[in-house]
Amino acid sequence: MNWFWTFFQLRFKQIAQQMTLWILLLTTVVVALIPVINHARGADDTIRIAVVNEDGGRFSAVFIEAIQDVGGTEYVMAADGDEALKALAAGRYEGVIIIDPDFTEQMEALVFNDMFTFYVSPTSSIGMVLVEIFSEKVVEIWAREVLLADYMEFRAEKGLTADEAVKELTRAGMEEASLGDALILVDYHLPDGEWSLEEPPQSNGAQVIAQGVLWFCALAGFFILLSSRWVIDQRRSAIGERMLSLGVNPALTSLAAGMAVVVYCFFALLITLAISGLYVPLTPGLFVQYLLAGLLYFLAMAGFAVMISALVRTSIDLMIVAPMFTMVNAVLGGMFAALPDWAVVLERFSLLLPGRLLNEALVSQQWVWLLVAAMAYFAAGIGVGTAVTGKGYKENGMSKG
């Protein structure tokens, strides 16, 4: 009889029958999708601003046209200020700008007084930024009008034509000139495909999915630890006697049980990456790369889980230790957030943890240490599991004899 396959199926079915583990694994998938979905939504999100124009003059129209050039914003014309403020309170807008009735009059008089009123939600962080932008646009228009007035006065002093037609023609020329070539060009040079452990990856889709992989693997560690309760179960005398009577090798049971939980996590990560690809473009190469990185991590964690389960006495003890180790692995591994600069010793210590090795592999694209750790930790786990359960078999067999 193929005992490996038999025990693999047994452990696989046992995990499937535990609703708590299914809920935990499903929660892990959902949490891992959060950075991906947020990135996808943020790529298309615009700041919606309602514009209430109580002026109706030409300069308010120029002002509205000027602020529409601000990137990342969408302006919706609203007829009534009260209705716009109600919509703001309901969350339909990020802000409401009300252009005062004497906007054009003040601009023609070249004065600054209560040109507009801007309302934002109390929880919004865009208020000060947009107020500055709107104010700059007003100043820009005002400065142009000041120059125009001085120019018209100069023409009048020189006996040149300075009527309204010349004024409008000059204004049109100034507006056209303002749309000319930029005075300063800033060329940004960003490293391609590189990001630092000190700054969590959020700049492009592939890096955001990598962050999702880290989140998934961090929480999957809890699932793997709880699934290793079989080590505790196989110490029981009844199970030990049955295994001994059947001539089952403890190494096969340890290997089969460890691989069962790895397979669960592997396919859960596969589903997570497939869903992530619906939100953020992901190349087949990166898809396979992240999947294999997750597989190596799961093997390493499965080995850790067996060793931890071999040290505790009861399932209650395992329930206490599992969340503690999960947090240590995730926090020191920088899987949720980078360690602070002062935590140099902790970062060095964390190089022994699967979480840090996975993080380093995703950052540096060097997989050697993750591969070595996965093989070493998984082999150590199987060895410990074999020794613990094998000792139980022998003790149970001796007590029976």
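# Close-up views of a predicted model

**View 1. Leucine 357 in helix H15.** Leucine 357 lies in helix H15, where helices (H or I, at least four residues) and strands (E, at least two) are DSSP runs numbered from the N terminus. This is a predicted model, in which local features need pLDDT of at least 70 and side-chain atom pairs count only at pLDDT 80 or more, while totals for chains, interfaces and linings use all residues. Residues are numbered from 1 along each chain as its sequence is written, and side-chain values use heavy atoms, with hydrogens and water left out. At 11% relative accessibility, leucine 357 counts as buried (buried means under 20% relative accessible area, exposed over 50%, and partly exposed in between, with a 1.4 Å probe and protein chains only). Leaving out residues up to four places away in sequence, leucine 357 touches Leu351, Trp369, Leu370 and Ala373, contact being heavy atoms within 4.5 Å. The C-alpha atoms of leucine 357 and alanine 374 are separated by 9.5 Å, and these residues are 17 residues apart along the chain.

**View 2. Helix H13 and its surroundings.** Helix H13 (residues 315–332) has 18 residues and reaches 26 Å from its first C-alpha to its last, close to the 26 Å expected at 1.5 Å a residue, the expected span being 1.5 Å times one less than the number of residues. Its buried residues are Leu318, Ala322, Phe325, Thr326, Asn329, Ala330 and Leu332. The cover over these buried residues includes helix H8 (205–227), helix H9 (230–233), helix H12 (284–311), helix H14 (344–349) and helix H15 (354–364). Just after H13, glycine 334 takes a positive phi of about 65°.

**View 3. Asparagine 329 within helix H13.** Asparagine 329 has its place in helix H13, and at 1% relative accessibility it counts as buried. A polar atom of the asparagine 329 side chain lies 2.8 Å from the backbone nitrogen of glycine 355. When residues up to four places away in sequence are not counted, asparagine 329 touches Tyr297, Met301, Met335, Leu353, Pro354 and Gly355.

**View 4. The largest nonpolar core and a second one.** A nonpolar core is a set of buried Ala, Val, Leu, Ile, Met, Phe, Trp, Tyr and Cys residues joined through side-chain atoms within 4.5 Å. The largest core has 67 residues, of which Phe216, Phe223, Ile224, Phe298 and Leu358 touch the most other members. Two or more residues of this core come from each of helix H2 (19–44), H8, helix H11 (250–279), H12, H13, H15 and helix H16 (368–400), and H8 gives the most, with 14 residues. Leucine 358, leaving aside its neighbours within four places in sequence, is in contact with Leu214, Cys217, Ala293, Tyr297, Met335 and Leu370. A second, separate core of 20 residues includes Val62, Ile64, Phe116 and Leu130.

**View 5. Aromatic pairs.** Rings of Phe, Tyr and Trp (its six-membered ring) pair if their centres lie within 6.5 Å, with planes under 30 degrees apart counted as stacked, over 60 as edge-to-face and the rest as tilted. By this rule the count comes to 15 aromatic pairs. The rings of phenylalanine 216 and phenylalanine 298 have centres 6.1 Å apart and planes at 65°, so this pair is edge-to-face. The pair links distant parts of the chain, with phenylalanine 216 in helix H8 and phenylalanine 298 in helix H12, 82 residues apart; phenylalanine 216 and phenylalanine 298 are both buried. Phenylalanine 266 and phenylalanine 267 also form an edge-to-face pair, at 5.6 Å centre to centre and 85° between the planes, and phenylalanine 267, at 45% relative accessibility, counts as partly exposed. Elsewhere, ring pairs link Phe63, Tyr75, Phe103, Phe116, Phe118 and Phe134 into a cluster.

**View 6. Salt bridges.** The structure holds 2 salt bridges, each defined as a side-chain nitrogen of Lys or Arg within 4 Å of a carboxyl oxygen of Asp or Glu. In one, glutamate 74 meets arginine 48, with the closest N and O atoms 3.3 Å apart. Glutamate 74 lies in strand S2 (residues 73–77) and arginine 48 in strand S1 (residues 47–53), so the pair ties together parts that are 26 residues apart in sequence. Glutamate 74 counts as partly exposed at 34% relative accessibility, and arginine 48 counts as partly exposed at 29%. Lysine 86 and glutamate 83 also meet in a salt bridge, at 3.9 Å from N to O, and both lie in helix H4 (residues 81–89), 3 residues apart, about one turn of the helix.

Key. Polar contact = N/O pair within 3.5 Å; in protein donor to acceptor, adjacent residues only side chain to side chain.
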